[in-house]
Structure formats: structure tokens, C-alpha cells
Amino acid sequence: MFKPVKFYSAAESSPERGTRSKGRTMQTLGIIGSGNIGSAVARLAVASGMNVILANSRGPESLHELTQELGPLAKAGTVEETATDADAIVLSIPLLAVKELPAGLLRHKLVLDTSNYYPFRDGRISELDTEIMTTSELVHEWLTGARHVKAFNNILAHHIPALARDNGATDRSALPIASDEVDAKREAAAIMDRLGFDTLDAGMLADTWKFEPESAGYTRVYLADPSTPDDQLLSSEAGATSAAQLNVALANATRVKVADRLF
């Protein structure tokens with residue numbers, strides 16, 4: 001297991017930020033889920049000098065092509081190995097698959113959770129349709145003991161590499177993060193800074209409706225052309241979105257009626 005590097009918050013200075021320095025101690029980022037979001041984050045992580053361990057439901061053998069592409073900083077493991085060996089986890093699997101993870105698997109781990117509720121895929125979930133809780137609050141119940149941060153759920157996968165920039169770039173984009181733990185948000189922000197994004201503290205898990213599907217803070221805020229038709233989103237051009245712009249979008253958000261959502 002690699003020793004973790006110090007997490008630097010956006011307010012702290014680090015001579016390493018934005019570089020590819022050789023010979024330094026590197027953090028290991030675990031990625032559970034090798035779909036479009038997980039793979040995009042993995043590419044940014046190795047580009048920033050992080051070690052990456054990836055896992056999915058199909059087993060390490062299915063990740064050979066991806067780890068070969070990513071290079072020597074990446075390896076594949078089981079879900080259990082990834083949970084054990086990584087210093088922090090990006091969890092990017094379908095919502096109901098989170099519930100099926102072994103109880104306590106991610107206890108005490110910093111988890112950047114990309115989960116969204118999509119009724120066409122997940123079926124109807126009464127706790128969410130009745131708005132008793134947000135998707136993030138439900139996931140938090142399932143992730144027993146994890147240091148849970150909502151992140152990377154409101155941006156299209158192909159916009160992640162398109163918008164990533166070194167710290168200090170004038171066209172750097174910001175992503176919202178939310179958690180009930182202040183320290184977890186600080187550490188998540190430092191990881192995302194290294195991956196190429198500013199972050200906006202979007203509050204607690206109860207506030208995450210502001211950047212969930214169909215909300216003002218979801219995907220379209222990162223489009224070069226916000227009027228792009230739905231059927232063209234997967235090929236849409238990304239547009240830089242600053243923390244100030246994102247803050248305006250979240251501040252003006254109105255809560256989507258979850259029970260009326262179809263996708």
C-alpha cells in the first residue's frame with residue numbers, strides 16, 4: 001500500500017500542485033466502478049501522479065485493458081482489496097448496487113460518491129419519491145460508517161477531462177460537494193483540486209437536491225450551449241463554469257418533484 005500524500009485544501013499553498021513531480025509520496029485513490037465517470041476520474045488521477053486501484057462487479061480481469069491504458073500507476077483489484085488498500089474512494093456504481101456492498105466495507109474511509117437516482121434504471125424508491133430524504137441521505141444510510149461526500153454526480157462524463165485544469169487556471173471549473181462532515185469536505189476538496197477542479201461547498205447531504213437530476217446545478221450548467229437538446233447531451237461541448245457561476249445556479253435552484261421524474 002502506498003503512503004498517502006498530504007491533502008492540501010484550496011486555501012493552502014503547495015509547490016506540488018499542478019505538477020507531475022517525480023519521486024514524491026503519492027496518494028492511492030480507489031475507484032469502485034469502472035463506467036464512464038469512474039474511468040474519467042481514473043485518467044485524471046494518474047495524470048496528476050496519483051496511484052489508482054480500480055474495481056468493478058465483473059472482477060479484476062475485466063479491467064486489464066483499462067489499467068494497461070492508464071499505465072504503471074494503475075492496477076486492478078477486487079472491491080474488497082480496493083476498499084482496504086486505497087486512501088480514499090470514488091464510488092461510481094448504480095444506486096441500488098451501493099446497497100449491495102458488504103456492510104461496513106467503507107467504514108472510516110473518505111468516499112466521494114457520484115450516485116444519482118434514475119427511476120428508469122433503479123425503479124421507484126419510495127423514500128426518494130416522497131422526498132423523505134435526498135438520494136445522498138439514503139446512500140449515507142447504506143454506507144455504514146463512511147466519511148461520505150457527494151461529488152462528481154452533476155457533470156457529464158466526457159466533460160470531466162474536457163474541463164479539468166491546473167490550479168490557478170483562469171478557466172477552471174468548480175464542482176459542488178456536500179457532506180455532513182466538515183473535515184470530509186475539506187479532504188474531498190483537496191483531492192478534487194489535484195484532479196483539476198475547484199469546489200463549492202454546497203452544504204449538507206440534505207441540500208444535495210440542488211445538483212441532482214433536472215435541477216439547476218445538474219449537467220447543463222457545464223454546457224457551452226445550455227440550450228443543447230437532450231438527445232445531443234452525450235456529444236455536447238463543455239463550457240467552463242466558475243464557483244461564482246455555480247453558486248448562483250444553486251442559490252436559484254427550486255426543488256424538483258422527484259415523483260414526477262422519469263429518467
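Thr 219 sits in the loop between strand 8 and helix 10. The model shown here is predicted. Is Thr 219 buried or exposed? Its relative accessibility is 7%, so Thr 219 counts as buried. Beyond its neighbours up to four places away in sequence, Thr 219 touches Asn 154, Ile 155 and Leu 156.

Gly 203 belongs to that loop too, between strand 8 (198–201) and helix 10 (243–251). Its relative accessible area is 19%, and buried means under 20%, so Gly 203 is buried. What does Gly 203 touch, leaving aside its neighbours within four places in sequence? The contacts are Ile 177, Ala 178, Ser 179 and Lys 185.

Next come the strands. Strand 5 (residues 110–113) and strand 6 run parallel, and 4 bridges join them. Strand 6 (residues 147–150) has both of its faces covered. Arg 147 and Val 149 lie on one side, His 148 and Lys 150 on the other, and all are buried.

The largest nonpolar core holds 48 residues. Which of them touch the most other members? They are Val 41, Leu 54, Leu 112, Phe 152, Ile 160 and Phe 197. Helix 1 gives the most to this core, with 7 residues.

Residues up to four places away in sequence are not counted here. On that basis, Phe 152 touches Ile 37, Val 41, Leu 112, Thr 114, Ile 160, Leu 175, Met 192, Leu 195 and Phe 197.

The open spaces come next. The largest pocket has a volume of about 850 Å³. It is lined by 28 residues. Closest to its centre are Ile 37, Asn 116, Tyr 118, Leu 156 and Tyr 218. Two of these names have come up already: Ile 37 is touched by Phe 152, and Leu 156 is touched by Thr 219. What is the lining made of? It divides into 14 nonpolar, 10 polar and 4 charged residues. Helix 1 (36–47) and helix 5 (119–122) each supply at least two of the lining residues. The largest share, 3 residues, comes from helix 1.

How many cavities of 30 Å³ or more does the structure hold? There are 2. The largest cavity has a volume of about 130 Å³. Its lining includes Tyr 117, Leu 128, Trp 209, Glu 212, Arg 255 and Arg 261. By class, that lining has 7 nonpolar, 2 polar and 3 charged residues.

The second largest cavity holds about 50 Å³ of space. Among the residues that line it are Val 98, Leu 101, Gly 104, Trp 142 and Thr 144.

Key. Residues are numbered from 1 along each chain as its sequence is written. This is a predicted model: local features need pLDDT of at least 70, side-chain atom pairs count only at pLDDT 80 or more; totals for chains, interfaces and linings use all residues. Side-chain values use heavy atoms; hydrogens and water are left out. On a 1 Å grid over the protein atoms alone, a cavity is a set of points where a 1.4 Å probe fits but cannot get out, and a pocket is an open set with protein on both sides within 12 Å along at least five of seven lines; lining residues have an atom within 4 Å of a point. Grid points are joined across faces, edges and corners, and a volume is the space filled by probe spheres set on the points. Ala, Val, Leu, Ile, Met, Phe, Trp, Tyr, Cys and Pro count as nonpolar, Asp, Glu, Lys and Arg as charged, and the others, Gly among them, as polar. Buried means under 20% relative accessible area, exposed over 50%, partly exposed in between (1.4 Å probe, protein chains only). Two strands pair if DSSP finds at least two bridges between them. A nonpolar core is a set of buried Ala, Val, Leu, Ile, Met, Phe, Trp, Tyr and Cys residues joined through side-chain atoms within 4.5 Å. Contact means heavy atoms within 4.5 Å.
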